[in-house]
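Reader: I would like to learn how to read a few features of a protein model. Please give the general idea each time, then the case at hand.

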Amino acid sequence: MAKKAAPESSRRQLLEQAAWELFLEKGFEATSIRMIAERAGCEVGLLYYYFKNKDEVFEAVLADRLEAAAERFAAVAECAVRDPYRALYCFFTELQYQAGQQPEKGALHWSMAEAIHSRLLQTARPRLAECLRILQGYGLIRGGEPDATADLLLHGMGAVLRLSEGTPGEYRRGQRQAAERLLGLPDGESYLVPFYAGFGDIPGWMALLEQVRGDFPGLEPSSVEKHLPACIDAREALVLRDAENIIVGAAAFSRRTCKMDFLSVVPPYRGRGLGKSLLVTALAQLPAGTTATVSLDGAPGPNREVMDKLCRSLGFAPRPEGAASGSAAETLALQLPQGRWPYLGKQNR
């Protein structure tokens with residue numbers, strides 16, 4: 001009985017896999033069309049049926065290997081619209097992850113190491129530029145033309161990706177500070193990115209609560225400490241850490257009720273827009289189109305006035321059925337946008 005021919009898609013995949021293995025082992029120049037065909041167990045003519053030349057084979061295998069990276073970079077850029085304060089951190093974290101997914105340097109020809117590195121940055125570039133445009137539109141960064149800025153950032157980050165594990169931390173911090181200045185950020189602001197809290201953050205959270213306790217006279221620390229682990233486990237708690245890794249801001253929210261339960265920044269860090277970064281980041285974790293609420297409790301005072309002003313700057317308004325404005329208890333509500341935040345603009349900086 002005659003052997004059944006492999007499907008056309010399988011034959012092409014065999015050729016691409018053979019080419020990828022040879023490029024990794026020998027590099028582009030030392031790999032020939034005949035070698036690829038022999039490794040795939042087929043005739044040279046079949047390779048020319050699918051590809052015009054070796055260059056086209058090379059482009060096809062690189063594009064295929066970086067397709068998942070391109071999709072993930074696009075997803076990060078898309079999230080930047082609703083979650084802008086973490087956009088750059090998420091983007092460069094993804095870039096580091098993708099660099100780690102590529103073959104180890106010792107396992108491939110040096111020319112392929114260079115090609116993969118270059119193509120990874122090339123794949124990331126348009127999505128980083130997209131992130132920068134979004135952040136510039138919100139007034140969260142300055143910097144120059146997004147495409148040019150993306151090139152400069154990626155070349156700098158590309159150098160960081162090549163660093164050995166033993167590279168001094170001072171050099172890495174210098175790279176980060178250079179990026180901050182390029183974006184027009186104050187030194188150290190890159191540390192103040194909202195992160196999901198971990199169980200190890202509970203002591204720091206309680207220390208923050210002690211500093212701001214006067215702003216929340218009805219809040220019992222023992223009750224907070226009891227309920228905080230469940231909040232952290234549900235990824236409904238955010239923290240801001242300074243350069244010393246000390247928690248200087250925190251927020252808690254509920255996805256089930258779409259309500260902000262807590263938000264505060266320690267006094268030395270107030271007036272820097274950190275409350276807004278926590279609030280927007282928390283709201284970004286809630287489903288678009290739902291209505292989020294914030295309760296203003298307690299007697300009117302400076303802290304309540306600041307929170308009221310912050311919420312209204314993002315479009316929150318008193319619920320029609322809620323208590324009168326300025327009363328002891330008032331609920332503000334906002335229907336969360338599907339896309340861009342309409343009230344988050346250049347007044348931020």
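This is a predicted model: local features need pLDDT of at least 70, side-chain atom pairs count only at pLDDT 80 or more; totals for chains, interfaces and linings use all residues.

Reader: Which residues of helix 13 are buried?

Author: Burial is read from relative accessible area, with under 20% counting as buried and over 50% as exposed. In helix 13 the buried residues are R304, M307, D308, L310 and C311. Viewed down the axis of helix 13, these buried residues fall within an arc of 165°, so they line one face of the helix.

Reader: What do the buried residues of helix 13 pack against?

Author: Their partners are strand 4 (259-265), helix 12 (274-284), strand 5 (291-297) and strand 7 (329-335).

Reader: How many residues does helix 13 have, and what is its reach from first C-alpha to last?

Author: The reach is compared with a span expected from the residue count. Helix 13 covers residues 302-313, which is 12 residues, and it reaches 16 Å, close to the 16 Å expected at 1.5 Å a residue. Just after helix 13, G315 takes a positive phi of about 105°.

Reader: Which residue other than glycine has a positive phi near 70°?

Author: That is N245. N245 is located in the loop between strand 2 and strand 3 (247-254). With a relative accessibility of 56%, N245 counts as exposed. R235, which is not a glycine, also has a positive phi, of about 55°. R235 belongs to the loop between helix 11 and strand 2 (237-241), and its relative accessible area of 46% makes it partly exposed.

Reader: How many aromatic pairs does a search of the whole structure find?

Author: Rings pair if their centres lie within 6.5 Å, and the angle between the planes sets the class. The search finds 10 aromatic pairs. One of them joins F91 and F92, with 5.8 Å centre to centre and 80° between the planes, an edge-to-face arrangement. F91 and F92 are both buried.

Reader: Why does the pair of F216 and F262 count as tilted?

Author: Planes under 30 degrees apart count as stacked, over 60 as edge-to-face, and the rest as tilted. The planes of F216 and F262 are at 40°, with ring centres 5.0 Å apart, so this pair is tilted. F216 lies in the loop between helix 10 (202-211) and helix 11 (221-233) and F262 in strand 4, so the pair ties together parts that are 46 residues apart in sequence.

Reader: Is F216 buried or exposed?

Author: F216 counts as buried, at 19% relative accessibility. F262 also counts as buried, at 10%.

Reader: Which residues do ring pairs link into a cluster?

Author: The cluster consists of F23, F28 and F58. The ring of F28 also has the charged end of K54 over it, 4.2 Å from the ring centre. Elsewhere, the charged end of R86 sits over the ring of Y196, 5.2 Å from its centre.

Reader: What share of the residues in the chain is buried?

Author: Whole-chain totals put such details in context. Buried residues make up 44% of the 349 residues, in a chain with 13 helices and seven strands. Of the contacts between residues at least 6 apart in sequence, 66% join residues at least 24 apart. The accessible surface of the chain is about 18200 Å², and 53% of that surface belongs to carbon and sulfur atoms.

Notes. Residues are numbered from 1 along each chain as its sequence is written. Side-chain values use heavy atoms; hydrogens and water are left out. Helices (H or I, at least four residues) and strands (E, at least two) are DSSP runs, numbered from the N terminus. The expected span of a helix is 1.5 Å times one less than its number of residues. Buried means under 20% relative accessible area, exposed over 50%, partly exposed in between (1.4 Å probe, protein chains only). The arc is that of the directions from the helix axis to the C-beta atoms. Contact means heavy atoms within 4.5 Å. Rings of Phe, Tyr and Trp (its six-membered ring) pair if their centres lie within 6.5 Å; planes under 30 degrees apart count as stacked, over 60 as edge-to-face and the rest as tilted. A charge sits over a ring if NZ of Lys or CZ of Arg is within 6 Å of the ring centre and within 35 degrees of the ring normal. Accessible areas come from the Shrake-Rupley method with a 1.4 Å probe; for residues, only the protein chains shown count as cover.
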